[in-house]
Each structure stands twice: as structure tokens, then as C-alpha cells.
Amino acid sequence: MPQDTAALRSILSLAPVVPVIILDDVSQARPLAEALVAGGLPILEVTLRTPNALKVMEEMAKVTGAIVGSGTVRTALHMKQSVDAGCRFMVSPGISPRILDAADDIGIPLLPGIATPSEAMTASERGYGFLKFFPAEANGGAPVLKAFASPLSDITFCPTGGIDAAKAKIYLGLPNVICVGGSWIMPADALASNDWGRIEALAREASQLRG
């Protein structure tokens, strides 16, 4: 089926920032998710970039209030694994005919990544109204999305890639941005020391960025 835009809108509008999580230590999954949710960021994108990513997703999906999605989805197998892990949505770094075809047969919505107007138009022709702009900063950042707003007025974006708190506020001021993705909420040293209080505080600051 085409993208379930109503489902994605309801998920992506819950918070201004989606933490983009690269985690391999399964023992950290639940406390990390609990800290992010407590800080007001319930939408969690766990990327398929580590050997234990699926186990991390499964653990995070057990946390009350957490809405877990899978990131770096590139194949039909990734999609099936995402469903089996309890994910509520999927995010891909780009689009291809094969990935869009595979998404038609999966029961959770896909947020595909695009970098150009041509890619955005291709996704739109397949029924996609919500897209990830990636890698956002490397592709020109907020000025590019601002330029997209008029000719691609029916498309809403979640920019991800190279975004920090200051840049996030700029993106969130654009009319065609529903939320941003980022990892600054989870500094490497805070994860290394299991400093969940610091991560919760950073999440709380991020949750107040819109408006």
C-alpha cells in the first residue's frame, strides 16, 4: 500500500526531535529508552548499524510510552525483521524501486530518505507525503528545505544528518518540517558512563525546541 501518511503524521508530530540511535549494548537499551521517553522524546529510531540492533529494538519496544522505529532499512529482510522486533515505523537512507515495492507489502509505514527534488517527486508519485531529508547538512541544510517548500508544497520532511540543537531550531521553524532526527541528545561519553540523568536532561531540552 502507499505510505500511511496519517499513521506517520501521528507518530512524527509527537515530539520535535527523533533520537537517532546507534547502540550495540543490549543492556543499555531499556535505560536509554526510559531516559529519552522521560525527557519527552518517545519516538526512537534505532539504526540497523550494529550486530545487536534488532535486540536493542526489542528491548526498547518494551518500555512504556516508547514508539520504536528501525533506521538504515535497505532491504525487504530488514523490513520483516523490523516488524518482528516490534517496530512501529521504518526509516531508509534513500529510495529505490525495490525498497518502495517491498514497503507495499509491510504493515508499518516507511519514511524514505531523499536528497534531491527528483527523488522527492519519485516518492510522491508512489504516494509518499512524508520524507526524510538526508544527509541534511551535507546537502545544504535548512536553506535547501526552505527552497523545497513552494514547488514541493505537498511534502513534509524530517531532516536528519549533522543536526545539533541550534540547527534543529532553524529546521523546525520551516513550514515543511514536522520534526528533525539527531543523535546529539546521546553524547558518547554519557552513554559510556551510563549517565541516564544527563541524557534525560538533554532530551527534555530537545523536546522544547519547537516554537
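A helix axis, as used here, is a line fitted to C-alpha atoms over the stretch in contact. In this predicted model, the axes of helix H2 (residues 29-38) and helix H10 (residues 196-207) come within 7 Å and cross at roughly 35°. The crossing of these two helices is right-handed.

Which residues of H2 and H10 meet? From H2 come Pro31, Leu32, Ala35, Leu36 and Ala38. Their partners in H10 are Trp196, Ile199, Glu200, Ala203 and Arg204. Sorted by class, this contact has eight nonpolar residues, two charged ones and no polar ones.

In soluble globular proteins, nonpolar side chains tend to be buried together. Leaving aside residues up to four places away in sequence, Ile185 touches Val17, Pro19, Leu36, Leu41, Ile199, Leu202, Ala203 and Ala206.

Now turn to helix H4, which spans residues 76-84. Its buried residues are His78, Met79 and Ser82. An α-helix has 3.6 residues a turn, so residues three or four places apart point the same way.

The buried residues of H4 pack against strand S3 (67-71), strand S4 (89-92), helix H5 (97-103) and strand S5 (110-114). On the face turned away from the buried side, H4 carries the exposed residues Leu77 and Asp84. After H4 comes Gly86, whose phi is positive, near 90°.

Terms used: Residues numbered from 1 in each chain as written. Predicted model: local features only at pLDDT ≥ 70, side-chain atom pairs only at ≥ 80, totals over all residues. Heavy atoms only, no water. Buried < 20%, exposed > 50% of the residue type's maximum accessible area, 1.4 Å probe, protein only. Helix = DSSP H or I, 4+ residues; strand = E, 2+ residues; numbered from the N terminus. Contact = heavy atoms within 4.5 Å. Axes fitted to C-alpha atoms, helices over the stretch in contact; angles between N-to-C directions. Left-handed = near helix turned anticlockwise from the far one by under 90°. Nonpolar A, V, L, I, M, F, W, Y, C, P; charged D, E, K, R; others polar.
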